[in-house]
Amino acid sequence: MDATVLPSRSNPLILRLRHGPDLDAGDRALLADLARVKRSLDPQQDIVRAGDVAAGVHLILEGFAFRYKIIDDGQRQIIGLLLPGDFCDLQSIVLGPSDHYIAALTPCIVADIPQEQVDSLVFRDSRLARALWWATLVDESILREWLASMGQRPADKRIAHLFCELLLRQQLVGAAGERDCPLPLTQPMLADILGITTIHVSRILRDLRLAGLIQLKDRRLYIPNVARLRSFCDFDPAYLHLVRMPDPDAVEEAARTGP
């Protein structure tokens, strides 16, 4: 465990919440303190298991994690991706034992936050309570958009929509450039997210590449023309409920200089 607190400029939670309700310097200092106790996880290592009674909540600081359910026949359905700045299980404070699993997708650094520390923030400061509520409700909005995609979008637009979302969500925390971002998802994982076969995923990725809409190299996604890909899949970022959109110039600068 590491007792170092991430500075505000590199704390992904603070970077994410700056696009939600207004927070002052005191609020940001309290949020930075949430990252005091952290640990490293290996890929596929569970962070939360179904039925666990949470002693607190977990915050992703580095890497990707994912939510998943195991169906009765043993099949896995991925129901959410967690990026730096995302709480894994803020709802556990109210709901109790988890009804799904959360695991590291890549090597991750996760902050373990005691429930009493979260409670003290929520009851002490209405702005912080509103910010954490905003983060939880945005997670629910993303899930609704995924369900709409599963039910109504053809598979090629489903994948393109997911790529547009992942680019924007990583831009919010300074982890992506203007047209490129990490994409550590394997084709089987994409199949588990999108409800299609791995073979179908492979064919769609090939078609998107041939159409000049995407490029994939070294576990990284490149989008030559973001507006064109958004138009192709009718991507509207309104479901992310961003009060303040990221500035493209700031995104490019953050990608060049790092935290």
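Visitor: Which side chain meets Asp-86 in a salt bridge at 2.8 Å, N to O?

Guide: Note at the outset that this is a predicted model. As for the general idea, side chains of opposite charge can pair when their charged atoms come close. Here the side chain of Arg-169 meets that of Asp-86 in a salt bridge, with 2.8 Å from N to O. Asp-86 sits in the loop between β5 and α3, while Arg-169 belongs to helix α6 (residues 155-171), so the pair ties together parts that are 83 residues apart in sequence.

Visitor: Are Asp-86 and Arg-169 buried or exposed?

Guide: Asp-86 has a relative accessible area of 4% and is therefore buried. Arg-169 is buried too, at 9%.

Visitor: With which residue does Asp-86 form a salt bridge whose closest N and O atoms are 3.0 Å apart?

Guide: That residue is Arg-16. Arg-16 lies in helix α1 (residues 12-17) and Asp-86 in the loop between β5 (76-82) and α3 (92-95), so this contact joins parts 70 residues apart in sequence. Both Asp-86 and Arg-16 are buried.

Visitor: Which residues are linked with Asp-86 in a network of salt bridges?

Guide: The network links Asp-86 with Arg-16, Asp-139, Glu-165 and Arg-169.

Visitor: How many salt bridges does the structure hold?

Guide: There are 13 salt bridges in the structure. One of them pairs Arg-127 with Asp-24, the closest N and O atoms being 2.5 Å apart. Arg-127 is in helix α5 (residues 126-152) and Asp-24 in the loop between α1 and α2 (25-32), so the pair connects parts that are 103 residues apart in sequence. Arg-127 counts as partly exposed at 35% relative accessibility, and Asp-24 is partly exposed at 32%.

Visitor: Turning to the cysteines, how many disulfides does a search of the whole structure find?

Guide: In general, a disulfide is a covalent bond between the sulfur atoms of two cysteines. The search of the whole structure finds zero. For Cys-88, the nearest cysteine sulfur is that of Cys-108, 8.0 Å away, and Cys-88 is in no disulfide. Cys-88 has 0% relative accessibility and so counts as buried.

Visitor: Why is Cys-233, with the sulfur of Cys-164 3.9 Å away, in no disulfide?

Guide: The sulfur of Cys-164 is the nearest cysteine sulfur to that of Cys-233, at 3.9 Å, but a disulfide needs the two sulfur atoms within 2.5 Å. Cys-233 also counts as buried, at 1% relative accessibility.

Notes:
Residues are numbered from 1 along each chain as its sequence is written. This is a predicted model: local features need pLDDT of at least 70, side-chain atom pairs count only at pLDDT 80 or more; totals for chains, interfaces and linings use all residues. Side-chain values use heavy atoms; hydrogens and water are left out. Buried means under 20% relative accessible area, exposed over 50%, partly exposed in between (1.4 Å probe, protein chains only). A salt bridge is a side-chain nitrogen of Lys or Arg within 4 Å of a carboxyl oxygen of Asp or Glu. Helices (H or I, at least four residues) and strands (E, at least two) are DSSP runs, numbered from the N terminus.
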